[in-house]
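I am opening a notebook on a structure that is new to me, and I want to look up a few places in it one at a time.

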Amino acid sequence: MKFVYDFHEGNKDLKDLLGGKGANLAEMTNLGLPVPPGFTITTEACKEFLREGTHVDGLDAQIDEHLATLERDMGRRLGDPADPLLVSVRSGAKFSMPGMMETVLNVGLNDESVDGLSRQAGGNDRFAWDSYRRLIQMFGKTVCEVPGHEFEDALHEAKVAKGVTDDVQLDAEDLRALVTAYKKVFAKHTGHDFPQDPREQLDLAIAAVFRSWNADRAVLYRRQERIPAELGTAVNVVAMVFGNLGADSGTGVAFTRDPANGEQGVYGDYLSNAQGEDVVAGIRNTLSLSDLERLDKKSYDELMQIMATLEGHYRDLCDIEFTIERGKLWMLQTRVGKRTAAAAFTIASQLVDEGVIDLDEALVRVTGAQLGQLMFPRFDLASSPESITRGVGASPGAAYGEVVFTAARAVEVAATGKPVILVRRETNPDDLPGMIAAQGILTSRGGKTSHAAVVARGMGKTCVCGADEMEVGSSSFTIGSHTVSEGDVISIDGTTGRVYLGEVPVRPSEVVQYFEGDLDPAQANDPLVFAVHRIITHADSKRRLYVRTNADTGADAARARRFGAQGIGLCRTEHMFLGDRRELVERLILARTEADRNDALAALQPLQRADFLDIFREMNGLPVTIRLIDPPLHEFLPSLEELAVRVAVQHEQGQRVEHDEQMLAAVRRMHEQNPMLGLRGVRLGLVIPGLFAMQVRAITEAAVALAAEGGKPRPEIMVPLVGAVQELETVRAEAEKIIASTVGDSGVEILIGTMIEVPRAALTAGQIAEAAEFFSFGTNDLTQMGWGFSRDDVEGAFFWRYLELGIFGISPFESIDTDGVGRLVRIAAEEGRAARPGLKLGVCGEHGGDPDSVHFFHEVGLDYVSCSPFRVPIARLEAGRAAVESEGSDHR
């Protein structure tokens with residue numbers, strides 16, 4: 001098997017094999033751009049390595065062959081004491097995972113070749129020893145798991161001894177001494193000296209990159225971003241070019257458009273006399289690209305030309321890493337850049353205006369998850385809160401919370417339900433758990449291309465970087481006269497970069513105002529609002545799936561309709577029995593005679609009728625699916641334990657409260673060990689005579705009342721928890737009699753269907769369809785019963801461990817399990833429609849608003865999805881994306 005490819009052998013479409021970085025290095029090479037020569041070890045080699053544990057047959061020989069080619073191209077040999085070739089060893093998975101895996105620079109240096117490197121650099125001893133100390137530090141931490149802070153401590157001690165604050169102020173002798181100190185740190189933790197054989201360094205570095213695919217932080221990031229664990233990472237071995245050769249050298253990262261808001265222009269960071277890791281690590285505050293124009297106009301002009309070429313070639317925002325070595329520009333990486341949600345929509349719309357892409361591709365390039373981020377509130381600055389500092393707005397949003405200074409503390413405090421802001425000098429990959437737990441991230445160093453900024457944008461977290469007035473300590477930070485301690489509350493604005501003391505109030509986002517109808521996109525000056533309007537309008541024109549909402553009140557129904565809902569897919573009638581009406585439910589449960597039961601039902605019916613009429617009015621002309629009462633009765637009753645204690649105390653005090661004693665007897669009679677699998681849904685309707693009949697009559701009377709007002713009600717009655725067609729037939733027969741006796745000549749038509757939420761119902765869908773005019777998949781219960789999970793208990797009990805072990809990539813209650821539960825949906829859809837060709841199919845579980853699940857439901861052929869009002873726009877967008885993608889268009 002071929003495991004190694006030279007850059008000229010690949011292209012950008014080979015990301016599965018060469019990883020994103022390797023594929024794009026190959027693409028730039030083939031475009032004739034200045035890329036240092038090198039080769040890529042494939043993801044297949046990584047997967048083989050991880051399976052075997054240590055060795056891949058045939059890989060060493062292929063590396064030898066390609067290394068020899070690289071040495072010929074460069075005119076240097078790896079490890080040659082007189083004229084050494086040095087290489088970088090970098091990870092590169094199919095999907096960008098910034099900072100999650102390993103990189104080692106300057107591989108090939110040793111005690112002999114460091115002098116040869118100095119001669120290469122024209123006698124620049126400082127550069128040579130700086131490169132050597134970087135190799136030992138990165139190799140030690142990455143390959144041999146030497147604690148990174150020990151190297152940092154040694155560097156700090158060297159600067160203190162010299163009386164300087166910046167590592168660039170250390171001279172060659174200082175760095176030579178630092179190399180000696182680093183070697184001692186390395187030997188102390190590994191038990192052996194730093195390896196002097198360059199090929200051994202290379203082999204160990206490659207193995208370390210392979211292993212880093214399964215490092216804790218990489219696993220956590222993949223889980224967060226839903227990146228499949230089986231992909232593996234490629235390894236890129238590239239001839240070193242040096243940005244730390246002096247004032248005419250440097251390194252930088254650039255974007256062809258602003259990744260925070262999508263504005264056109266050139267954005268980036270540059271560091272003179274530095275290597276690439278210094279920029280993304282945020283350890284020194286950077287210069288802007290306009291400063292590069294002043295420092296080195298020739299390189300700046302060439303970079304601008306290359307950036308235009310790359311954006312035109314990739315037809316998207318590009319993220320670029322480059323190095324300048326003594327005035328010579330080298331391209332080290334490009335990729336379609338990570339961006340905020342706002343930038344994603346804005347850039348997609350801009351590219352349509354520029355004629356680069358069409359609206360179909362613009363739709364595919366944004367996601368429902370990004371739209372959801374745009375719907376969160378923003379700070380309301382009407383009270384003019386005082387900003388204590390301002391950094392770089394690296395990832396938009398409004399976040400407030402208690403200040404914490406370590407990732408571990410962020411996880412700990414967030415677990416108590418409190419919002420937190422993680423404050424660091426700069427973040428590193430080990431901070432990922434804390435970044436996930438935090439509402440926002442604030443750093444004193446770095447810019448829009450730092451680790452904190454890139455990772456936060458990818459996760460949709462609010463982030464402010466480079467607040468350099470801030471002095472960060474271990475348990476507090478200071479800005480001028482302000483001292484903020486751990487536990488104090490601050491607010492950060494990821495758009496403006498401002499930081500505020502205390503909790504700043506929030507206001508609705510402009511995107512929500514647009515959906516609410518309060519903002520006309522034609523009049524708004526906000527390009528984001530226009531972009532959202534333009535793209536979601538196109539999604540509506542393309543989608544096949546209708547989008548309904550889950551709503552139980554007129555107010556919820558009205559809001560969902562403003563958000564674009566095309567009806568109600570789930571109205572939960574049990575929510576109408578709570579609050580002040582609970583007493584009537586208790587009367588129904590305690591009824592000892594038929595007359596008592598009928599009295600209780602008669603009291604409930606007008607209340608139900610009024611509820612339904614309110615909802616029908618708000619959804620006039622649109623379908624409304626009403627689920628008959630579903631939950632077990634214990635949800636309407638007092639706790640057995642609390643009630644038993646209360647009655648016992650009454651007896652001890654010589655009291656007898658007849659109501660409490662009757663209620664205790666009823667609760668004991670109805671008590672179930674597993675009520676979610678007990679007397680609920682259709683079973684409850686069959687056991688308590690008149691309960692479903694009361695609801696059917698209330699629905700029918702409300703529909704007739706709206707018709708008399710000139711409205712167009714479209715009620716659909718849904719029978720829950722059906723497992724056998726006979727259950728549905730029994731309820732349907734009674735319902736049809738009530739409907740026939742009530743609708744008269746009103747013209748009201750009422751459909752009767754069922755929820756498919758019991759696995760047996762899915763497997764006997766052909767039978768059930770003979771008695772049902774529609775199916776609505778209750779995927780919450782279908783998941784619960786399909787997996788044998790109690791959804792109320794398992795999330796906290798063991799899901800965390802299943803996610804940690806990779807058994808789950810994501811909770812099956814969050815995104816549908818297409819292999820298991822999804823197969824039940826597919827079977828029921830196919831067999832139901834075979835029995836009744838006109839059968840209407842929808843889904844009303846939480847999965848109806850999950851972006852990935854919407855695509856599955858489109859593919860299975862459902863007619864609609866239903867979700868909470870807030871998620872209606874997300875489902876509309878994803879339904880449009882699913883339709884475009886299913887057309888087979890060649891969109892990236």
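My entries below go from strands to a sheet, then to a helix pair and a single residue.

**Conventions.** I noted that this is a predicted model, in which local features need pLDDT of at least 70 and side-chain atom pairs count only at pLDDT 80 or more, while totals for chains, interfaces and linings use all residues. Residues are numbered from 1 along each chain as its sequence is written, and side-chain values use heavy atoms, with hydrogens and water left out.

I then checked its partners, where two strands pair if DSSP finds at least two bridges between them. Strand 5 runs antiparallel to strand 6 (residues 103-107), joined by three bridges, and there Arg 90 has Thr 103 as its bridge partner. Seven bridges join strand 5 to strand 7 (residues 233-239), also antiparallel, and Ser 91 stands opposite Val 235.

I found five strands forming an open sheet in the order 10-9-8-11-12, with antiparallel pairing. Strand 10 (287-288) and strand 12 (328-336) are the edge strands, each pairing on one side only. Eight bridges link strand 11 (residues 318-325) to strand 12, and Ile 324 is the bridge partner of Leu 329.

**Helices 5 and 7.** I looked up how helix 5 (residues 125-143) packs on helix 7 (residues 172-190), and the angle is about 20°, with the axes 8 Å apart; axes are lines fitted to C-alpha atoms over the stretch in contact, and angles run from 0 to 180 degrees between N-to-C directions. Helix 5 is therefore roughly parallel to helix 7, a term for angles under 35 degrees. Residues in the contact (heavy atoms within 4.5 Å) include Trp 129 and Phe 139 of helix 5 and Tyr 182 and Phe 186 of helix 7.

**Met 459.** I ended with Met 459, in helix 18 (residues 451-459), which counts as buried because its relative accessibility is 11%. Its C-alpha atom is separated by 7.8 Å from that of Gln 224, 235 residues apart along the chain. Not counting residues up to four places away in sequence, Met 459 touches Gln 224, Glu 225, Gln 373, Leu 432, Met 435 and Ile 436.

Definitions and conventions:
Helices (H or I, at least four residues) and strands (E, at least two) are DSSP runs, numbered from the N terminus. Buried means under 20% relative accessible area, exposed over 50%, partly exposed in between (1.4 Å probe, protein chains only). Angles under 35 degrees count as roughly parallel, over 145 as roughly antiparallel, 65 to 115 as roughly perpendicular and the rest as oblique.
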